[in-house]
Amino acid sequence: MSTPHSFHIPVMGLGYTVDTPIKVAPLGISSVVSIMDDHLLEEMRKIYSEKSGLPFFPISEKSTDYRAERIKAYLNLLQDLVDKKLSEIKDFESLEDDSFLSYLDLLPSNHPIHSLIQEAKDADFFQKQLYIAQIREMIQPGSIDVNIMTKVDKLNSDADGNELPREFSDALSALRGFAMSKIEGAVIFSAGMNPALYAYAEQFADFFPNSMGEIKKRIILKVSDYRSALIQGKFLAKKGLWVSEFRIESGLNCGGHAFATDGFLIGPILEEFKANREELKTALYDLCQKALQEKEKVSFCGMPSLKITYQGGIGTHEEDEFLRTFYQLDGTGWGSPFLLVPEATSVDEETLQRILAAKKSDYFLSHASPLGVPFNNLRTSSGEEQRKNRIENNRPGSPCYKKFLSFSTEFTEKPICTASRQYQNLKTKLFQTGAISQADLEDTLAKDCLCEGLSAPAILANGREPKRNLNAVTICPGPNLAYFKGIFSLKEMVDHIYGKIRLQLDYERPHVFVKELQLYIDYLKNEWEKLGPEVNVKQATYLEKFKANLQKGTEYYQSLIDQFQLDTEEVIQQMKDQLHQALMKLEDLKPALVE
């Protein structure tokens, strides 16, 4: 499906974009829904069924395949609501209708529909009807895509405690729910390869070409570098599964979980994709065709589309335009800035005000995730306040109801979550006996309940109360959000992306490339400080390699600086100064080796 916009709205948390397709897909904008929390999806289905005057029949946890059925039911509702809104836009009586203009006003200035409208206005009655028919055909919805975080794949048991078959795990059942739904979007696999999950996609015909050589349900891989894309892409291609898009995300300049590279910066990474794009495409195509023939399935009649996109920290039209043109990208993702657009995302009013009041120093890379992966966080969120209050009241940890992140068997045979009250109490007792250090305890107490904190905003923003009165909200914004101040309309944000207007950003905001570099330098500095004077040769060698990669990336940017023709001289000079300062900081980073 060809969508009219050059950007998409990535998944944000569990709840921030859970109903975004309803809001923006009829206007041609693609977005991504997390389908990991079936409890949240069931609550949202109830809310939107009531709003739309539709009957709601709850899906009980006692049902055999309730998780997949809940996901399927919610996605089907999304599709129905988007189709209804799209029909209202397409059924315009006049080119001046508000519904049609709401769609048209968001389109980029160079979209071909604009010239067609002008021709329609100047045509006679019969010719005008032909033009209008063409215009209606050009009104396309944004894609409803879903995200599965591959690491969130807990095995499940039935009511009697008997372990269920592998296909009932969290990730595989989520994929099944998507596969059974009526939407013709894409599933985005993020957080690395999950062989069992990828292999399970073979069970569903919609992931393979149909008789026309078209794929009804596409696969998108979110990756941090070229090597990862090649390995995962080949794994899927050997099963006859085509990757329709590689969605490259910055290792640190992003929201949510941060998967840092070994010091490889996004500019050189995009350069590698650009240089090897055709080779990548051909390699995957050959493997995929061979697998399809061996499986006696329909083969592609020609090279299918393979998109390369980037997301993470983009903040201006000039950055967006440069990324798309210089690296020949098929699109970009704009995430965190849309948290300030109520027409696009679900953020409750209190959380919005906390974001607006936050200082740049309030954005930090935390240890909040029970997955053990660095997590972008906000110090002033109500979720952080709740976590600290529980510690002060000698009640650390969270009651664990959803158990999506229950992976630790350190104390129990049955896995529990490291953010749970049970785990943190057990860890605290270890500290009291002197079995673990203060640092180990603090790392444990930093863990927060993401299942509740990341889903609560969607319920609150829709005027409802989350179950069990768990209203504390966890915010997972990228560092880029610190430079946006204000509540914006959807049109304002889209116009800013396309360069029709310029939103007033914090004057200290560095270029997207520079910001990521600064984040990596801080990350490397913290890694060295964590090791202290006890760093051994192996650790020092790794960190020196990390440092060398950052230096090489910085020098790459210095050689690229003259290509930034869209930016002002002031911006370019600032970049030059900041890149020079970054190299000086890197030079000063030296570990104390212990022989």
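**Notebook: exposure, cores and contacts in a predicted model**

I began with E296, which at 75% relative accessibility counts as exposed, because the cut-off for that class is over 50%. The model is a predicted one. I located E296 in the loop between α10 and β7. I then checked its backbone and found a positive phi of about 60°, although E296 is not a glycine.

**Entry: other positive phi values**

I looked up K403 next and found a positive phi of about 65°, again in a residue that is not a glycine. K403 sits in the loop between α13 and α14 (421–432). With a relative accessible area of 39%, K403 is partly exposed. I also noted Q328, which follows α11 and has a positive phi near 55°.

**Entry: the chain as a whole**

I turned to the overall form. For 595 residues, a compact globule would have a radius of gyration near 25 Å, and the chain agrees with this at 25 Å. Along the principal axes, the C-alpha atoms fill a box of roughly 85 × 65 × 55 Å. I recorded 21 helices and 10 strands as the secondary structure of the chain.

I noted that 57% of the 595 residues count as buried. Taking contacts between residues at least 6 apart in sequence, I found that 70% join residues at least 24 apart. The chain exposes about 26,000 Å², of which carbon and sulfur atoms supply 50%. For charge, I recorded 69 positive and 84 negative side chains; the centres of these two sets lie 4 Å apart.

In soluble globular proteins, nonpolar side chains tend to be buried together. The largest core has 164 residues, and F246 and F338 touch the most other members. Helix α19 (residues 512–531) gives this core its largest share, 10 residues. Another core, of five residues, lies apart from the largest one and includes V11, V32, A186 and I188.

Which residues does F338 contact, once its neighbours within four places in sequence are left aside? I listed F7, I9, M12, A344, T345, L490, M493 and I497.

**Entry: H8 in strand β1**

I located H8 in strand β1 (residues 7–9). Its relative accessibility is 6%, so H8 counts as buried. Not counting residues up to four places away in sequence, I found that H8 touches S30, R247, T309, Q311, T332, G333 and W334.

**Entry: helix α11**

The buried residues are H317, E318, E319, D320, F322, L323 and F326. I then traced what the buried residues of α11 pack against: the helices α10 (266–294), α18 (490–498), α19 and α20 (537–560), together with the strands β7 (307–311) and β8 (331–333).

I placed N377 in strand β10 (residues 375–378). N377 is buried, with a relative accessible area of 2%. Leaving out residues up to four places away in sequence, I found N377 touching D362, Y363, F364, S366, A368, E384, T474 and I475. I also looked up the separation of N377 from Q289, 88 residues away along the chain: their C-alpha atoms are 43 Å apart.

H367 lies in the loop between β9 (363–366) and β10. I recorded H367 as partly exposed, with a relative accessible area of 42%. Which residues does H367 contact beyond its neighbours within four places in sequence? I found D443, A446 and K447. The C-alpha atoms of H367 and A446 are separated by 5.7 Å, although these residues are 79 apart along the chain.

Setting aside its neighbours within four places in sequence, I listed E350, R354, N471, A472 and V473 as its contacts.

Definitions and conventions
Residues numbered from 1 in each chain as written. Predicted model: local features only at pLDDT ≥ 70, side-chain atom pairs only at ≥ 80, totals over all residues. Heavy atoms only, no water. Helix = DSSP H or I, 4+ residues; strand = E, 2+ residues; numbered from the N terminus. Rg over C-alpha atoms; globule rule 2.2 N^0.38 Å. Buried < 20%, exposed > 50% of the residue type's maximum accessible area, 1.4 Å probe, protein only. Contact = heavy atoms within 4.5 Å. Areas by Shrake-Rupley, 256 points an atom, 1.4 Å probe, with all protein chains shown as cover. Lys, Arg positive; Asp, Glu negative; His and termini not counted. Charge placed at Lys NZ, Arg CZ, Asp CG, Glu CD. Core = buried A, V, L, I, M, F, W, Y, C linked by side-chain atoms within 4.5 Å.
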